[in-house]
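User: Hi, I'm new to this structure. Could you walk me through some of the terms and how they are decided?

Analyst: Gladly! Here it is.

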Amino acid sequence: MGKISNTIADLEAGRRTPKDVATSVLTTGVAVGFLLVLLFPVYWIVAASLSKGTTLSSPGGLFGDPFAYTLDSFVWVLENEDFRRGLLNSLIVVSVTVIVTLAFSIPGAYALSRREFLGRRKILYGYILFTQMGAGLSIAVLIALYALFSNVGLANNLLVLGVFYGAGAIPFNTWLLKTFMDNIPVSYEEAALIDGASQWQVIREVILPLSKPGIAAVLVFAWTAGWNEFIVAQTLIYDPELYPLSVELYGLVGDRDTNWSQFAAFALLFALPVALIYFLAQKQVESGLSFGGMEG
């Protein structure tokens with residue numbers, strides 16, 4: 001009500017014209033409309049997971065009756081052995097992905113940011129190239145990848161899958177972290193060296209603490225890459241005991257008898273860790289992206 005009163009006062013005082021108010025109302029209405037459109041699929045999947053029956057809509061229609069909602073589908077998922085096994089498998093893959101990504105991205109980013117060496121510019125161009133086409137290239141060579149991994153005995157291995165995801169995430173995350181480190185003044189390192197610190201101490205006590213927002217962004221991107229990926233996992237992992245959650249979720253879809261309420265509950269629980277990781281690291285990630293020159 002206070003904003004409405006201020007708007008009326010501005011109109012009476014001539015500080016705003018009716019056209020300005022109409023434009024503001026229209027812009028706000030369009031923005032709210034777009035927001036509702038974007039949020040509707042989220043509402044729909046939540047409603048489907050809470051509804052009775054097996055369809056994507058509740059018996060009462062698309063919006064259903066909130067008083068008829070039930071947690072039976074979530075109970076089924078949490079008690080499902082495939083879900084618990086898939087969760088453990090996904091955590092193994094993600095852990096390896098994050099470790100590999102950080103282990104190579106941090107020193108690589110520091111070297112590209114602070115050192116001049118032969119071929120540095122070509123490596124930077126190569127990183128940009130793989131950043132833009134790395135994921136698409138991996139899909140294009142999927143058959144050859146499966147044949148190669150099978151012939152050398154590396155298929156059907158969660159650790160190898162995590163290393164593969166980490167290798168695919170290294171170019172983008174190294175470039176992201178490199179742009180972040182470029183903004184850390186070199187004078188900080190010089191001051192530490194003058195005070196008698198070794199190069200390793202400079203990296204450990206100056207560069208890494210100042211790079212925490214960028215590292216947090218890398219961690220979230222690496223976690224997402226290892227958690228959400230489906231196509232490569234389905235191709236390289238053929239033992240049901242080793243399926244990650246993304247493949248287990250796909251396995252719920254049958255030809256005729258898919259229980260969409262259970263599928264929706266499974267999908268929400270599958271997406272929950274990524275949402276929590278981003279929520280907990282939100283400030284660090286946003287700081288890392290903006291300071292690294294990637295703010296949208």
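User: Which residues does Y110 touch, not counting residues up to four places away in sequence?

Analyst: Y110 touches R115, M181, E189, Q199, I203 and I207. Contact here means heavy atoms within 4.5 Å. Some background: this is a predicted model, where local features need pLDDT of at least 70 and side-chain atom pairs count only at pLDDT 80 or more, while totals for chains, interfaces and linings use all residues. Residues are numbered from 1 along each chain as its sequence is written, and side-chain values use heavy atoms, with hydrogens and water left out.

User: Why is Y110 called buried?

Analyst: Buried means under 20% relative accessible area, exposed means over 50%, and partly exposed is in between (1.4 Å probe, protein chains only). Y110 has a relative accessibility of 8%, so Y110 counts as buried.

User: What makes the pair of Y110 and E189 a polar contact?

Analyst: A polar contact is a pair of N or O atoms within 3.5 Å; within protein, one must be able to donate a hydrogen and the other to accept it, and residues adjacent in sequence count only if both atoms are side-chain atoms. The side chains of Y110 and E189 make such a contact at 2.9 Å.

User: How do you know that S113 and R114 make a polar contact?

Analyst: That contact joins side chain to side chain, at 3.1 Å. S113 itself is buried, because its relative accessible area is 14%.

User: What makes R114 and E189 a salt bridge?

Analyst: A salt bridge is a side-chain nitrogen of Lys or Arg within 4 Å of a carboxyl oxygen of Asp or Glu. For R114 and E189, the closest N and O atoms are 2.3 Å apart. R114 lies in helix α4 and E189 in helix α8 (residues 186–194), so the pair ties together parts that are 75 residues apart in sequence. Helices (H or I, at least four residues) and strands (E, at least two) are DSSP runs, numbered from the N terminus. Both R114 and E189 are buried.

User: How many salt bridges does a search of the whole structure find?

Analyst: The search finds seven. One of them joins the side chains of E241 and R85, at 3.7 Å from N to O. D82, R85, E241 and E248 are linked in a network of salt bridges.
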